[in-house]
Amino acid sequence: ETEPLTSKKDVSDCNEGEDCKENGLLVRNPKSALRLVEDGNKVHPSQGDKGGAAQISNGYSGVQSSVPCNGRGELMELEDRETWSKKIDFLLSVIGYAVDLGNVWRFPYICYQNGGGAFLIPYTIMAIFGGIPLFYMELALGQYHRNGCISIWRKICPIFKGIGFAICIIDLYVASYYNTIMAWAFYYLVSSFTAQLPWTSCTNPWNTGNCTNYFSKDNVSWSLHSISPAEEFYTRQVLQVHKSNGLDDLGGISWQLTLCLLLIFTIVYFSIWKGVKTSGKVVWVTATFPYIILFILLVRGATLPGAWRGVLYYLKPDWQKLLATEVWVDAAAQIFFSLGPGFGVLLAYASYNKFHNNCYQDALVTSTVNCMTSFVSGFVIFTVLGYMAEMRNEDVSEVAKDTGPSLLFITYAEAIANMPASTFFAIIFFLMLLTLGLDSTFAGLEGVITGVLDEFPHVWSKRRELFVLGLTIICFLGSLATLTFGGAYVVKLFEEYATGPAVLTVVFLEAVAVAWFYGITQFCNDVKEMLGFTPGWYWRICWAAISPIFLLFVTCSFLSNPPELRLFDYNYPYWTTVVGYCIGTSSIICIPIYMVYRLIITPGTLKERILKSITPETATEIPFGDIRMNAV
């Protein structure tokens, strides 16, 4: 809160190269370092006495332009932006967002598929020159401008505001299928509270004649048509894909999965409805619990017979693979989707930081934790795969053919079911999957919520709970197609096409807009205002050239070789590729549409319209003691 203006003093002159302070107002020369006003509780010059204070030598306008006044000349109270209760709340939230289900299933598979230990070389290079600089850039943008993914563009480059709308649509697509995977995990969790896990035998109503339990004490031979009880439980009981003929005939909706998803969205709503004050507390559980479980599973896996075979297969380097282009493409895609820039989450979370928070340190810590988690998850998965190979008397490569969710819900679930104390390990494993997914869902929806509330504060700023309720209902209704008997086919389609190329395009344009339109120099000055030091040449080169090239490389590789989709025994027809690209395009089409709209509504000649559209509209308010000053 501020006090009425009573002071009639003028700001005194300053000597060159010195910072001066009088009446609580900082007067700074360009050469001096920014520092907080000690007497922030003092009053400021009134509008009538602003002659000496109207222009401040550090490039900030006087306080009159940033603080509203009432008719009596008194400063009105400014409503401060919500901030994290503690720094650790922010760190856990970012780590919880970045470390998700993909770290557990995607990285180990990508690693052994692309040369084992040799893959760590391109992975590390892509992280250093592509992933981490983009991660740092988004944290710095969000923290400095203190806005969500839509309204932030008014302060950077208004013509690119369509990026914010595209991000919101992408986040909604992700919410429509990602939470369904958690519903599968929840179904497994509920099914685990039995003395004998239901995917350990072939005597259940959903089993077929091909069901073969090679873990049984009888001598059972594994034939070409044999199907494990874990696979039949997943496909015929949980998903019930045998009741669907494919994407053109999805079948009915599974009421069991619908109830699971409804409960998950209920948990999500009551975790984020009040803002980061509540979600910052929930992540103390959802972000830390998976690490406890990973450690338990790692110790258990290391003591299983044949575990060494899996570790050897995971890390044995195949140096020839480094000569293949697709290995580098996979490394770039993996680090990018693992760290997760482009979803508006980092912008939203960082916008609730205190202005002088060290986001540089945060970026290095969280990205390192994320990469190390992926690496350790590989040991958790492959020790168990080695155990499976030992039990089946097969090669690890034969056991490790399952990819994606199947690796968790079939292969790993089957291994757990045949361990001592299987019920305990099944419960904690699927609890881990739930917590991994929940904080990523919190983050994705917070990206949309912050973006919309900052863009339309006059409509939603006092109605956050109502808006969050409407958003969760929309996401739940949008997920109904993934809850059908053929819902797994829809999840696969959305996973491959709705997010991948769209997010890559969004972050490429974001990097170009910041580096080449807003300006690297200006961006680095912003970082210096927050942190007190300017980013070095390494960061500048990455932001200006290497990171955009990195993104363009991955995007072009994806578009030139679209994935051939196959799930279980179903080959996706050709028309699904067209549908997939249409879904992906439906989000990024917002960017050119808004550019055209912006140029149409801006007055002047074409040149004047373009110049106005790439010039920041509004100044960024910089918290300065009890004052907010406008950077212009």
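What share of the contacts in the chain with a separation of 6 or more is accounted for by residues 24 or more positions apart? Such residues account for 78% of these contacts, a contact being heavy atoms within 4.5 Å.

## Basis of the report

This is a predicted model, in which local features need pLDDT of at least 70 and side-chain atom pairs count only at pLDDT 80 or more, while totals for chains, interfaces and linings use all residues. Residues are numbered from 1 along each chain as its sequence is written, and side-chain values use heavy atoms, with hydrogens and water left out.

## The chain as a whole

The chain contains 23 helices and 6 strands; these are DSSP runs numbered from the N terminus (helices H or I, at least four residues; strands E, at least two). Of its 632 residues, 57% count as buried. Here buried means under 20% relative accessible area, exposed over 50%, and partly exposed in between (1.4 Å probe, protein chains only).

The accessible surface of the chain comes to about 26,300 Å², and 61% of that area belongs to carbon and sulfur atoms. Areas are computed by the Shrake-Rupley method with a 1.4 Å probe; for residues, only the protein chains shown count as cover.

## Aromatic pairs

A pair of aromatic rings is described by the distance of the centres and the angle of the planes. Rings of Phe, Tyr and Trp (its six-membered ring) pair if their centres lie within 6.5 Å; planes under 30 degrees apart count as stacked, over 60 as edge-to-face and the rest as tilted. By this rule there are 52 aromatic pairs. The rings of Tyr136 and Trp543 form a tilted pair, because their centres are 5.4 Å apart and their planes stand at 50°. Tyr136 belongs to helix 3 and Trp543 to helix 20 (residues 537–560), so this pair ties together parts that are 407 residues apart in sequence. Both Tyr136 and Trp543 are buried.

Trp460 and Phe467 are also paired: with ring centres 5.1 Å apart and planes at 50°, the pair is tilted. Trp460 counts as partly exposed because its relative accessibility is 24%, whereas Phe467, at 12%, counts as buried.

## Charges over rings

A charge sits over a ring if NZ of Lys or CZ of Arg is within 6 Å of the ring centre and within 35 degrees of the ring normal. The charged end of Lys243 is placed over the ring of Phe485, 5.0 Å from its centre. Likewise, the charged end of Lys274 sits over the ring of Trp273, at 4.8 Å from its centre.
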